[in-house]
Amino acid sequence: MVETRYVEIPAPAGRLDLTRPHFVGVCGAGMSALAHLLAGRGAQVSGSDIKTGETASRLETAGCRIRAGHDAANIAGASVVVWSSVIDAANPEILAARAAGVPVAHRSHVLAQLVAGADRSVVVTGTHGKSTATAMLAAAVGHLSPSWAAGAAPVGGVNGHAGAGLLIAEGDESDRSVALYRPEVAVVLNADDDHPETFAGTADVVGTLTDFATQAGTLVVSADDAGAREVTGRVRGHGGTKVVTFGESMEADVQLLSAVPTAAGGSTVTVLDPRGVQVSWTVRSPGRAAVLASLAAYAAGRALGEAPQVLAAGLSGFAGVQRRMQLLGAVEGVRVVDSFAHHPTAITADIAAARELTCGRVLVAFEPCGSTRVRVLGPRMGAALAGADEVVLLPVRDAVPTEAGAVTGEGIEHAAANAGVRVHAADGLAQAVGVLADLARPGDVVVTMGVGEVAGLGALLLQPSARPLTAV
């Protein structure tokens with residue numbers, strides 16, 4: 001989820017019947033995770049989406065009935081119709097459900113019920129890194145066979161799984177719905193100025209995350225991030241919630257002692273456990289963000305009472321998350337890496353991570369998403385992109401329409417150019433492929449970055465039939 005529409009999320013009328021759920025927009029990150037989890041528990045899951053593709057295929061393999069496009073007939077037999085914050089209230093399936101008296105529930109209502117019903121639960125949230133930390137924690141405690149739901153899939157897998165009594169879930173803060181969850185352990189990675197369609201700045205984000213954290217028995221929280229520290233102060237002032245911190249700070253309960261880059265592009269991480277024991281593991285993804293996500297996962301695992309070496313072994317076996325600095329392949333000495341970064345903070349972090357992979361240049365193809373966020377954060381996006389050596393800028397993609405209307409990437413382009421990086425505008429993926437083929441040289445890293453169609457750019461760069469990078 002990148003840009004939602006601002007919506008009021010009404011309280012559910014009562015306990016939801018999840019035996020035959022129908023998901024409107026089932027291929028969305030949060031929706032598909034819940035569909036996988038419920039299908040794994042034996043529910044008869046159906047869903048629809050305008051765009052299907054690989055996500056739909058994986059859901060069908062899991063036993064879900066998926067329909068392309070939205071139609072009133074799709075809800076036949078549903079015990080509940082589930083929507084998310086990108087779905088318009090005038091969607092024909094929503095209207096048909098209301099007319100037929102079928103309960104209609106927001107995605108967060110489903111997850112809140114699952115969290116409440118779990119024997120034990122962890123919900124991971126924050127502006128950046130939620131999916132990675134959620135999937136890492138699921139891997140770290142894999143010996144417990146947990147259920148889990150994340151906004152992105154581990155490499156080679158899917159983003160939701162039905163397991164035993166422990167539930168690990170990603171909590172989406174973008175529409176404030178994270179405040180509905182009541183987990184045993186709450187994890188707050190950071191709190192940044194994001195989702196301007198919903199929040200009035202960082203303080204507003206901090207307030208929502210505080211509302212969430214104070215409902216948990218234990219809060220696992222960053223000691224390094226300024227917004228997260230504000231959450232920590234408020235939670236401690238509220239009382240009743242145990243606080244466990246992680247990070248590079250000398251005061252962190254789980255303190256990062258070192259993160260040594262490996263030849264494979266990851267890091268060997270060593271931390272000081274709260275009990276004074278040094279523990280090490282391997283993070284296979286590049287960059288500081290992945291290292292800190294692994295600290296959060298380790299700290300949450302310790303809060304659940306799991307042994308340090310067991311957690312370290314689980315983390316070391318984790319192969320990474322799709323689209324989170326994922327190495328897609330290499331052609332003629334040019335590496336292609338895929339990144340989900342779309343916020344200035346994440347853009348800066350992932351470009352720095354790309355630097356760890358090469359002594360050559362970093363070329364970034366960036367697709368901005370959401371007119372509201374581009375209007376507010378565009379200049380900062382451009383300044384962040386200036387950390388690259390060359391930038392290919394794709395058109396702004398709008399996931400949902402906004403009242404203020406569409407916006408171009410001109411502000412991003414000007415800010416990046418003013419910061420000293422050369423920007424090449426591309427009107428689509430085909431043109432971006434050509435520009436990158438002309439630019440790339442052996443030793444370079446190409447990062448395909450953003451949300452939307454850019455996720456398919458890496459495959460075009462690497463496809464055998466064209467080999468666009470072989471001419472470098």
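Hi everyone, let me start with a cysteine: the sulfur of Cys-369 lies 16 Å from the closest cysteine sulfur, the one in Cys-27, so the two are too far apart for a bond. Please keep in mind that this is a predicted model. As a reminder, a disulfide is a covalent bond between the sulfur atoms of two cysteines. How many disulfides does the structure hold? The count is zero.

Is Cys-369 buried or exposed? Cys-369 is buried, because its relative accessible area is 2%, and the cut-off for buried is under 20%. Cys-359, on the other hand, counts as exposed, with 89% relative accessibility.

Now please look at strand S19, residues 390-393. In a regular strand, side chains alternate between the two faces of the sheet. Here Glu-390 and Val-392 sit on one side of S19, Val-391 and Leu-393 sit on the other, and all of them are buried, which leaves both faces covered.

What does S19 pair with? Strand S18, residues 362-367, runs parallel to S19, with four bridges between them. To get from S18 to S19, the chain passes through helix H11, residues 371-385, in a right-handed β-α-β crossover. S19 is also joined in parallel by four bridges to strand S20, residues 422-425.

Last stop, the cavities. There is one of 30 Å³ or more, and the largest cavity holds about 40 Å³ of space. Its lining has five nonpolar, four polar and one charged residues, including Met-136, Arg-284, Ser-294 and Phe-318.

How values were computed:
Residues numbered from 1 in each chain as written. Predicted model: local features only at pLDDT ≥ 70, side-chain atom pairs only at ≥ 80, totals over all residues. Heavy atoms only, no water. 1 Å grid on protein atoms, 1.4 Å probe; cavity = no way out; pocket = protein on both sides within 12 Å on 5 of 7 lines; lining within 4 Å. Points joined across faces, edges and corners; volume = space filled by probe spheres on them. Nonpolar A, V, L, I, M, F, W, Y, C, P; charged D, E, K, R; others polar. Disulfide = S-S within 2.5 Å. Buried < 20%, exposed > 50% of the residue type's maximum accessible area, 1.4 Å probe, protein only. Helix = DSSP H or I, 4+ residues; strand = E, 2+ residues; numbered from the N terminus. Pairing = 2+ DSSP bridges. Right-handed = clockwise from strand over helix to strand, strands pointing away.
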